[in-house]
Amino acid sequence: MGETEQKPTAGSRLGAQENAGISTLEHGQKPPMTPPGKLVSIKIQMLDDTQETFDIPQRAPGKVLHDAVCNHLNLVEGDYFGLEFPDHKKMMVWLDLLKPVTKQIRRPKHVVVKFVVKFFPPDHAQLQEELTRYLFALQVKQDLAQGRLTCNDTSTALLISHIVQSEIGDFDETIDREHLAKSKYIPQQEALEDKIMEFHRSHTGQTPAESDFQLLEIARRLEMYGIRLHPAKDREGTKINLAVANTGILVFQGHTKINAFNWAKVRKLSFKRKRFLIKLRPDVNSSFQDTLEFLMASRDFCKSFWKICVEHHAFFRLFEEPKPKPKPVLFSRGSSFRFSGRTQKQVLDYVKEGGHKKVQFERKHSKIQSIRSLTAQPSEQHTEVPKQSSSFAYGDDNDTAAVQSCRQGKEMKASPKDTGQHKSHSLKKSPKEGKKVDGAVVSTVEEEEEAAKDRMLQNRPQSQQPSTGSLTGSPHLSELSINSQGGPSVANMSLSPNLSPDAKQPSPLISPLLNDPSCIRTDDEEEVKKKRFPTEKAYFIAKEAATTERTYLKDLEVITSWFQSAVSQEDCMPETLKNLIFSNFEPLHKFHAGFLKEIEQRLALWEGRSNAHIKGDYQRIGDVMLKNIQNMKQLTIHLWKHNEILMELENGIKNSRKLETFCRDFELQKVCYLPLNTFLLRPLHRLMHYKQIMERLCKYYPPSHIDFRDSRAALAEVSEMVAQLHGNMIKMENFQKLHELKKDLIGIDNLVIPGREFIRLGSLSKLSGKGLQQRMFFLFNDILLYTSRGLTASNQFKVHGHLPLYGMTIEESEEEWGVPHCLTLRGQHQSIVVAASTRSEMDKWTEDIQMAIDLAEKSSGPAPELLASSPPDNKSPDETTVDQESEDDLSASRTSLERQSPHRGNTTVHVCWHRNTSVSMIDFSIAVENQLSGNLLRKFKNSNGWQKLWVVFTNFCMFFYKSHQDNHPLASLPLLGYSLTIPSESENIHKDYVFKLHFKSHVYYFRAESEYTFERWMEVIRSATSSASRTRALSHKEPHAY
């Protein structure tokens, strides 16, 4: 037969070099001869919804078709993508690259094969090519439209705004409205159009490449990013969904992730008929069974999911493609399936080694042409990666397992002939509405007693008056803004610094008032009460506005009443500073007291407690919100002063030892349940909460509803205020965080300097001559500090040394040192070896340190000298004299758990130290958005009745009050390490709207009053527990928690 004529490709028409994507052949080898014979036409649907036809030999394996598509697109990083098609049972399956195409696709003429993203890396910055990121952005757009990528309205609007920016360029209201009218990205898009345009306005000047990067930056933090659900049942017959990701196998109930099995803990994956089996590695700290079993719909479904698990494990965990098994002589047992293609490490290395030209490509739905970026620049890691232009926190931070980053560059290789024809079509999606996803992040701390100890403490006397001189620890955890895993604040009640997970300590929920038998409510009482009140969602949204407003007013009173009263009794604060603080907070307190009164009056009418015969006109809240938000704009001048207030207070503390002591003592009072400077930021945080409430209301109301117009107008007004103040708030939160960290450190000067940004803090083990020793690390955008917990009255951390990030390199070194999750940090003058507690922790540190190195490289030069008294530790890891004081430090940290510390025993830093975890600024950003107040019914594992409590959730911690009128919390429960699930049938909790919090053997049940409040509590609490659950995926009490 004669040779087939080579048709021009999209790349060749633009003058690009030909390449075959990533070849799985070793260097110097040639691709196998294409099997001769008859040609078969295969229709491929691209991610931009165009269709291409490829002619391949009838006996060609799937790899020939895959390489032809990558060659047609001039796609170098093609291994992240796959081809999927419906099999004869209409089940979507992936094309096997080793088997002949025609043996997999029975009727090629009637099948359209889809070219889609198959492997979603933990960090989109690992995608070196602009074209690759563009295709990933198209996948996100498609997943949004099809309802696979579920998230809240804010995240959805922000995602779409970046898509719009990449398609039509800078904001123009007329053009935007026309474009959104024509392009439907999600169903019921109309309700979000104003928010989309509001976000789009802020993207001015952003290129399509930058928009793609921002889109992926937001999307990767969502819980459902890259997730495909596979229906299954557990051993008890409960319906669940299984999914596979770069970190391991995930278990979902609906769209809520309830469990995760990291690859490091999985020993073997197998299937037997319809049963999917996960064999776990033995773990003395885990109560999981050795083998977990899930039942799927059929053998084909089970085998298909098993295959994709095998491929994900190989792609993300292996260094190279697995070798084929030798064929058995007589009998074959089990599947011969194996992963075919390069692993992610091979792809990164391949792209890193090569160099290639910029290549143009066409964005199908964009008015702006792009040039494929990245000439090879070995000296800078992510020179092409655009900087992030938005600082919102979105959705749930996925288990990021950042693999080593790579330099840019590619090699050109020969490819199979591309015989496809280009057919351009307009993009048409079949969207489904996205659902909300939770904020990501994590925190925990305190052990609890069993119910027996709970009952033993019920008879202790309890003072109900606010304390003015408590010596228990103050909860110094602020709500801040910028990078990936949350940390809790710990309340000051009975929670001593005893944070060790292994020591039995009194429960943070144990209190005479909290366990008063008279507080127990019967189920009948609750049922009767439930029938008396409205049940529509709008009512509960309005009620959330009231309950959170109560807490906000109490927070304002901490400044306007408690702090002002204490200041007036002490001559420690300059008059100018007094006037600055109280003249700006008192008008806010007065206004919000009236605001709360109006909301409560409207709720009383709505509930029928007064004028019960009146209906309709009073069953709304938008008019009250609109009126007060408009009036609130007159107070904006006071909100702009908060930056000055915060800075002047910190300067006053810096210059006056008397004022410093006064503020420290005030923070020890029970009423000051958060750091003092956190209360100074509360008014700005509250604006974001108003915005969220109005967004939920507008989403719920149909446009014809009587309250829709007022609600939408109120949303527009508050959105404008948030947009004006948001940038200022971000700077203030970083400033506040630096000052909080300064209080936890000794042996350091000038921590707070202009331009310095906090990125992450957490516990790592440092390798020295004595072995691995626990250290606390603090990462900023210019320097990395490492410290140990010293034996001091204030429980501060002593700085041992620092590494400037300028000129630093980072590399994994598990094999070199024989230590799991090990990294070597090489500075210009010293190197250290550290180990994380888990692979997930190591990946987070790797990602953030690499990002910080890149930031430092772009700055003007090395960081200034940071240490005041302690010289830097310049010893190498193998010298025996490293950290001579460390044994005493570790001993001190253990013994200090047994005594009451007068100050700073329960801060985020100490929580991370005892829980061996880390926290980043993005977690604090998410914490700002995830705050909630209201009544919950609580029940212990072994108790019978339900107890009503007023609960405030903020800073990743639940604070418990007997009623909303109390001035200070009775107890608290920080949630770092806790798992949030729904009780299983075996737990005999036969009530609606119940969620379960558990850590090891400690279990609490909480019951909400409605479906809406239940979902809201689940949403905000998950923001404090989901990340911890991922890092401790196998520490749950049950193999399948639902």
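Residues are numbered from 1 along each chain as its sequence is written, and side-chain values use heavy atoms, with hydrogens and water left out. Because the model is predicted, local features need pLDDT of at least 70 and side-chain atom pairs count only at pLDDT 80 or more, while totals for chains, interfaces and linings use all residues.

**Cores**

A nonpolar core is a set of buried Ala, Val, Leu, Ile, Met, Phe, Trp, Tyr and Cys residues joined through side-chain atoms within 4.5 Å. Buried means under 20% relative accessible area, exposed over 50%, and partly exposed in between (1.4 Å probe, protein chains only). The largest nonpolar core holds 103 residues. Those with the most contacts inside it are I44, F276, I278 and F294. A second, separate core has 79 residues, including I559, M625, L639 and L659.

**An open sheet**

Helices (H or I, at least four residues) and strands (E, at least two) are DSSP runs, numbered from the N terminus. Two strands pair if DSSP finds at least two bridges between them. Here 5 strands form an open sheet with mixed pairing, in the order β2-β1-β5-β3-β4. Its edge strands are β2 (51-57) and β4 (92-94), each pairing on one side only. From one strand to the next, the twist averages 35 degrees.

Inside this sheet, strands β3 (residues 81-86) and β5 (residues 112-117) run antiparallel, joined by 4 bridges. L83 has F115 in β5 as its bridge partner. Helix α4 (residues 130-145) packs on the sheet and touches β3 and β5. Contact means heavy atoms within 4.5 Å. The direction of α4 makes about 110 degrees with that of β5. Axes are lines fitted to C-alpha atoms, for helices over the stretch in contact, and angles run from 0 to 180 degrees between N-to-C directions.

**Aromatic rings**

Rings of Phe, Tyr and Trp (its six-membered ring) pair if their centres lie within 6.5 Å; planes under 30 degrees apart count as stacked, over 60 as edge-to-face and the rest as tilted. The count comes to 31 aromatic pairs. Two of them are tabulated here.

| Pair | Type | Centre to centre | Angle between planes |
|---|---|---|---|
| Y539 and F540 | edge-to-face | 5.0 Å | 70 degrees |
| F995 and F1014 | tilted | 6.5 Å | 45 degrees |

F995 lies in strand β30 (residues 994-999) and F1014 in helix α26 (residues 1011-1031), so this pair ties together parts that are 19 residues apart in sequence. Both F995 and F1014 are buried. Y539 and F540 are both buried as well. Elsewhere, ring pairs link a cluster of Y80, F81, F115, F119, F120, F136, Y225, F315 and F316.

**A hairpin and a buried helix**

Strand β30 forms a hairpin with β31, with 2 residues between them. K1000 in the turn has a positive phi of about 55 degrees. The two strands, β30 and β31, pair in the antiparallel sense over 6 bridges. L997 has Y1004 in β31 as its bridge partner.

Strand β25 (residues 932-940) also runs antiparallel to β31, joined by 4 bridges. There, R938 is partnered with F1006 of β31.

How many of the 6 residues of β31 are buried? In strand β31 (residues 1002-1007), 6 of the 6 are, so the strand is largely enclosed by the rest of the structure. H1002, Y1004 and F1006 cover one side, and V1003, Y1005 and R1007 the other.

Helix α25 (residues 921-929) has 9 of its 9 residues buried, so it too is largely enclosed by the rest of the structure. Among them are D923 and E929.
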